[in-house]
Amino acid sequence: MKMGRSLPLLAIALVAGLLMVLFVLLRLFAAPTPAESLEALTATPDWQNVVLVTVLVGISVVLFVYQLGWGALRVTATVALALALGYLVTIFFNLDTANRYISGEFRVAL
């Protein structure tokens, strides 16, 4: 990659990684105010390890986006769509089986 073309991509990758770190930390230690979130974070035993793992996840997002470029969006969308489709198909197939278990309709056929 040429340096001039990779700078905007690097900026997008860094922003995506930072957003991922903030998203994970806010989901783990959500509070009404940022001061209360920080207090909840530091009150957790071994909170440094939680932050370290979250930062490593952010770094992996930065590398993912930087290496794949716009292909990262396509890969992420494909995986999300596949997971959603698998979830819906699993729900569809399990509806009838779950009802049979509840109503006790299973019979042994030899």
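Biologist: What percentage of the 110 residues of the protein chain count as buried?

Modeller: In this predicted model, 15% of the 110 residues count as buried. The protein chain exposes about 9000 Å², and carbon and sulfur atoms supply 73% of that area.

Biologist: Is threonine 54 buried or exposed?

Modeller: A residue is called buried when its relative accessible area is under 20%. Threonine 54 has 5% relative accessibility and therefore counts as buried. Threonine 54 lies in helix α3. Leaving aside residues up to four places away in sequence, threonine 54 touches Val21, Val24 and Leu25.

Biologist: Which pattern does the protein chain follow along the sequence?

Modeller: The pattern is α-α-α-α, with four helices and zero strands in the secondary structure. As for contacts between residues at least 6 apart in sequence, 58% join residues at least 24 apart.

Biologist: Which helices each supply at least two residues of the lining of the largest pocket?

Modeller: These are α1 (3-28), α3 (47-68) and α4 (71-103). The lining consists of Leu9, Ile12, Val61, Phe64, Val65, Gly69, Trp70, Ala72, Leu73 and Thr76.

Biologist: How many residues of that lining are nonpolar, polar and charged?

Modeller: Eight residues of the lining are nonpolar and two are polar, while no charged residue takes part.

Technical notes
Residues numbered from 1 in each chain as written. Predicted model: local features only at pLDDT ≥ 70, side-chain atom pairs only at ≥ 80, totals over all residues. Heavy atoms only, no water. 1 Å grid on protein atoms, 1.4 Å probe; cavity = no way out; pocket = protein on both sides within 12 Å on 5 of 7 lines; lining within 4 Å. Nonpolar A, V, L, I, M, F, W, Y, C, P; charged D, E, K, R; others polar. Buried < 20%, exposed > 50% of the residue type's maximum accessible area, 1.4 Å probe, protein only. Contact = heavy atoms within 4.5 Å. Areas by Shrake-Rupley, 256 points an atom, 1.4 Å probe, with all protein chains shown as cover.
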